[in-house]
Amino acid sequence: MEFNKDCARDILLYVKQNCCYQDSNFGKRWHDVSFDEICKAEQFSKYEPQTISYAIGILLDYCLIKKSDLVFNSNIDEGLKNIHINSLTSRGHEFIDNVSSDELWDKVKIAIKKANVNDCSLDMYFQYIYNETQKSLNG
């Protein structure tokens, strides 16, 4: 299966926006984002559930998100469908803060494409984003 980096970015943006304290009958409670909630959100209608599930697995592998509950199953897709994401990690915050701008995200994707790299890792995205951030800071 191919890793859809746009889907991963959308997941990170969604988690950042929706994992928060919310009012409940018992006072303020932390809201975890479930796989089902992500799949039902409008911005994810363009992705298949398997694409979302795979992206969540990669984001966990890269330590960009924290899970609060993961029920393992013999089928990895089924196991990830039980996940509840409770936050971004510090690395996840750093990554999404740097690419929350659609303009920079598009610039990153164009640069990677121009470099003729078909299947680059998120580490390559991190490095490019870091370099671009340093350029803009140094004027």
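Trainee: Not counting residues up to four places away in sequence, what does Ser34 touch?
Mentor: Ser34 touches Ile83 and His84. Keep in mind that this is a predicted model.

Trainee: Where is Ser34 found, in terms of strands?
Mentor: Ser34 is found in strand E3, which covers residues 33–34.

Trainee: Is Ser34 buried or exposed?
Mentor: Buried, because its relative accessible area is 15% and the cut-off for buried is under 20%.

Trainee: New topic, the core. How many residues does the largest nonpolar core have?
Mentor: The largest nonpolar core has 37 residues. Those with the most contacts inside it are Ile11, Ile38, Ile52, Ile56 and Phe95.

Trainee: Which elements each supply at least two residues of this core?
Mentor: On the helix side they are H1 (5–18), H2 (35–40), H3 (49–61), H5 (90–99), H6 (102–114) and H7 (122–138). Strand E5 (84–88) also supplies at least two. As background, nonpolar side chains in soluble globular proteins tend to be buried together.

Trainee: Stay with Phe95. Leaving aside its neighbours within four places in sequence, what is Phe95 in contact with?
Mentor: Phe95 is in contact with Leu12, Trp105, Leu122, Tyr125, Phe126 and Ile129. Phe95 counts as buried, because its relative accessibility is 3%.

Trainee: Some of those are aromatic. How many aromatic pairs does the structure hold?
Mentor: Five aromatic pairs. One of them joins Tyr14 and Phe44, edge-to-face, at 5.7 Å centre to centre with 85 degrees between the planes. Tyr14 is in helix H1 and Phe44 is in the loop between H2 and H3, 30 residues apart, so this pair links distant parts of the chain. Both Tyr14 and Phe44 are buried.

Trainee: And why is the pair of Phe95 and Phe126 edge-to-face?
Mentor: The ring centres of Phe95 and Phe126 are 4.7 Å apart and the planes stand at 70 degrees, so the pair is edge-to-face. The angle cut-off for that label is over 60 degrees. Phe95 lies in helix H5 and Phe126 in helix H7, so the pair ties together parts that are 31 residues apart in sequence. Phe126 counts as buried at 17% relative accessibility.

Trainee: Which residues do ring pairs link into a cluster?
Mentor: Phe95, Trp105, Tyr125 and Phe126.

Trainee: Switching to charges. How many salt bridges does the count come to?
Mentor: The count comes to seven salt bridges. Among them is one between the side chains of Asp6 and Lys109, at 3.0 Å from N to O. Asp6 lies in helix H1 and Lys109 in helix H6, so that pair ties together parts 103 residues apart in sequence.

Trainee: What else does Lys109 form a salt bridge with?
Mentor: Lys109 forms a salt bridge with Asp106, where the closest N and O atoms are 3.9 Å apart. Lys109 and Asp106 are separated by about one helical turn, because they are three residues apart in helix H6. Salt bridges that share partners join Asp6, Asp106 and Lys109 into one network.

Trainee: What about Lys46, which residue does its side chain meet in a salt bridge?
Mentor: Asp10, at 3.9 Å from N to O. Lys46 lies in the loop between H2 and H3, and Asp10 in helix H1, so the pair ties together parts 36 residues apart in sequence. Lys46 counts as exposed at 60% relative accessibility, whereas Asp10 counts as buried at 13%.

Trainee: Last one, strands. How many bridges join E1 to E2?
Mentor: Four bridges join E1 (residues 21–24) to E2 (residues 27–30), and the two run antiparallel. E1 and E2 form a hairpin with two residues between them. Asp23 stands opposite Lys28 in E2.

Conventions: Residues numbered from 1 in each chain as written. Predicted model: local features only at pLDDT ≥ 70, side-chain atom pairs only at ≥ 80, totals over all residues. Heavy atoms only, no water. Core = buried A, V, L, I, M, F, W, Y, C linked by side-chain atoms within 4.5 Å. Buried < 20%, exposed > 50% of the residue type's maximum accessible area, 1.4 Å probe, protein only. Contact = heavy atoms within 4.5 Å. Phe/Tyr/Trp six-rings, centres within 6.5 Å; stacked < 30°, edge-to-face > 60°. Pairing = 2+ DSSP bridges. Salt bridge = Lys/Arg side-chain N within 4 Å of Asp/Glu carboxyl O.
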